[in-house]
Amino acid sequence: HLREKDWNLDGEIVPVSAAQSRTLGDNEEKYAAHHVIDINLETYSSTAPGEDGKRWLKITLDQVHCVEQVMQLDKDGYPTSTWTCSIRDCSNCDGVYCSRYSLTVYTEGAAPDNLSPESSCKYGDTVKLEAIDNFIAYEIVIIGKQGETTHYKTYYI
């Protein structure tokens, strides 16, 4: 499996924040969005529909990154779904839950002017999972580039 209890990848980038459409049962202590970034496989977020009826989980990164791949891991640290990004989107998915989710990478903040075009990634500072029903999330691993360096950004969802 990809995640050990006290494991950190070199270059891991900590997100600025995590948010979700609504917390299941409004139980923030047990199911809050911040559990997606607490590096703990024993906690998870559980998302319910928001006012608009949609279910989503959003992770905001510290800056714009070239996102190449996003993996959803289960409670044991094994990948269940893997999205591979291109310059257009991150719709190419392989795994057991791909039909239940859509994943987008986009920029909410100001994008830097000096981004070199990469065909193997999607630039953005926000990763958003949307689901067709309520969902729990233990961990998301975001793999990308910043300049010439590849960074592995690991978040629990």
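Mentor: Let us begin with one link: the disulfide of Cys66 and Cys121 is left-handed, with -100° about the S-S bond. A disulfide here is a pair of cysteine sulfur atoms within 2.5 Å. Please note that this is a predicted model, in which local features need pLDDT of at least 70 and side-chain atom pairs count only at pLDDT 80 or more, while totals for chains, interfaces and linings use all residues. Residues are numbered from 1 along each chain as its sequence is written, and side-chain values use heavy atoms, with hydrogens and water left out.

Trainee: Which parts does the pair of Cys66 and Cys121 tie together?

Mentor: Cys66 sits in strand β3 (residues 55–73) and Cys121 in the loop between β6 (101–106) and β7 (122–131), so the link ties parts 55 residues apart in sequence. Strands are DSSP runs (E, at least two residues), numbered from the N terminus. The sulfur atoms of Cys66 and Cys121 are 1.7 Å apart.

Trainee: Is Cys66 buried or exposed?

Mentor: Cys66 counts as buried, at 2% relative accessibility. Buried means under 20% relative accessible area, exposed over 50%, and partly exposed in between (1.4 Å probe, protein chains only). Cys121 is buried too, with a relative accessible area of 0%.

Trainee: How many disulfides does the count come to?

Mentor: The count is three disulfides. Cys85 is joined to Cys90, S to S 2.0 Å, and the torsion about that S-S bond of Cys85 and Cys90 is about 105°, so this disulfide is right-handed. Cys93 and Cys98 also form a disulfide, with sulfur atoms 2.0 Å apart; their link is left-handed, at -70° about the S-S bond.

Trainee: And what is the pairing in sequence order?

Mentor: With the bonded cysteines numbered in sequence order, the pairing is 1-6, 2-3, 4-5.

Trainee: Turning to the core, which residues have the most contacts inside the largest one?

Mentor: They are Val70, Leu103, Val105 and Ile142, in a nonpolar core of 21 residues. Such a core is a set of buried Ala, Val, Leu, Ile, Met, Phe, Trp, Tyr and Cys residues joined through side-chain atoms within 4.5 Å. The elements giving two or more residues to this core are β3, β6, β7, β8 (135–137) and β9 (139–146). Strand β3 gives the most, with five residues.

Trainee: What is Val105 in contact with?

Mentor: Setting aside neighbours within four places in sequence, Val105 is in contact (heavy atoms within 4.5 Å) with residues including Val67, Cys85, Cys90 and Tyr123. Both Cys85 and Cys90 are buried.

Technical notes: Helix = DSSP H or I, 4+ residues; strand = E, 2+ residues; numbered from the N terminus.
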